[in-house]
Amino acid sequence: MELAAAKKAGFISKYSPGGEGTNKKKKLVAVIGVTTQFGRRKNRDAIRKAWMPTGAPLKNMEDEKGIVARFVIGRSANRGDSLDREINVESSQTSDFMILDELVEADEENPKKTKLFFAHAADTWEAEFYIKVNDDVHVKIDGLLAILSANLDKPRVYIGCMKSGEVFSEPGHKWYEPDWWKFGDSKSYFRHASGEIFVISQALAQFISINRSILRTYAHDDISAGSWFIGLDVKHIDETKLCCSSSWSSGAVCSAV
């Protein structure tokens, strides 16, 4: 199904873009979504200070580097309460939010948040790549651009710090997976990119947009994203420069803070 046809069938963006509207003027290099939550203003301000500026410098990053960056957040379960109002005020001051009106903000909704970010970003901006980042990760934009430039020739690409690992079936465990039985007797996840930061190409973001209503999410957003691509003709790239440690390791373009 073509993207335009999918929109006519009801796949329409429902988020608050901060008054900028749909932007199809030119093809960007990347759209970055920094997933965040209520009560994490300090994290967002640290990112604004480090690598995602506000105001004119944010617009310059789009114009000069071809990168759009937004904080991604849902709405309070008590719509219109103080949590929503605080985000509305912050958004009016910084103009750097993608507010997902149809998402109730909660830890267990993080996989859905990631899915909706990719879907709405693909609907709103035409870019070569779409990137999900956690709000406790700092990024070297020029280093990230170098990784993207090296992969422009690949039509369907999924880039990140690839990993696997145990599927935890015990309720109460930090990484408990309710659908653990679907991963087989060995209880091991398939290869997927770490959720701290990962990159997908435009075709994959469009695939998510078109199929958002039927794409399954699991307990964690990185597993969910990996599951969407494992059955597709997608190039998985294990990029060690996207392995974020607590300090800037040699060659890394990200750091977990």
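A disulfide is a covalent bond between the sulfur atoms of two cysteines. Here, two cysteine sulfur atoms count as a disulfide when they lie within 2.5 Å. The model you are looking at is predicted, and it holds 2 disulfides. If you number the bonded cysteines of the chain in sequence order, they pair as 1-2, 3-4. Let's visit each link in turn.

**The link of C161 and C243**

- The sulfur atoms of C161 and C243 sit 2.1 Å apart, and the two residues form a disulfide.
- This link of C161 and C243 is right-handed, with 95° about the S-S bond.

**The link of C244 and C254**

- C244 and C254 also form a disulfide, and their sulfur atoms are 2.1 Å apart.
- The link of C244 and C254 is left-handed, with -105° about the S-S bond.
- C244 lies in the loop between β9 and β10, and C254 in strand β10, so this pair ties together parts that are 10 residues apart in sequence.
- C244 and C254 are both buried.

**To look for in the structure**

Definitions and conventions. Residues are numbered from 1 along each chain as its sequence is written. This is a predicted model: local features need pLDDT of at least 70, side-chain atom pairs count only at pLDDT 80 or more; totals for chains, interfaces and linings use all residues. Side-chain values use heavy atoms; hydrogens and water are left out. Helices (H or I, at least four residues) and strands (E, at least two) are DSSP runs, numbered from the N terminus. Buried means under 20% relative accessible area, exposed over 50%, partly exposed in between (1.4 Å probe, protein chains only).
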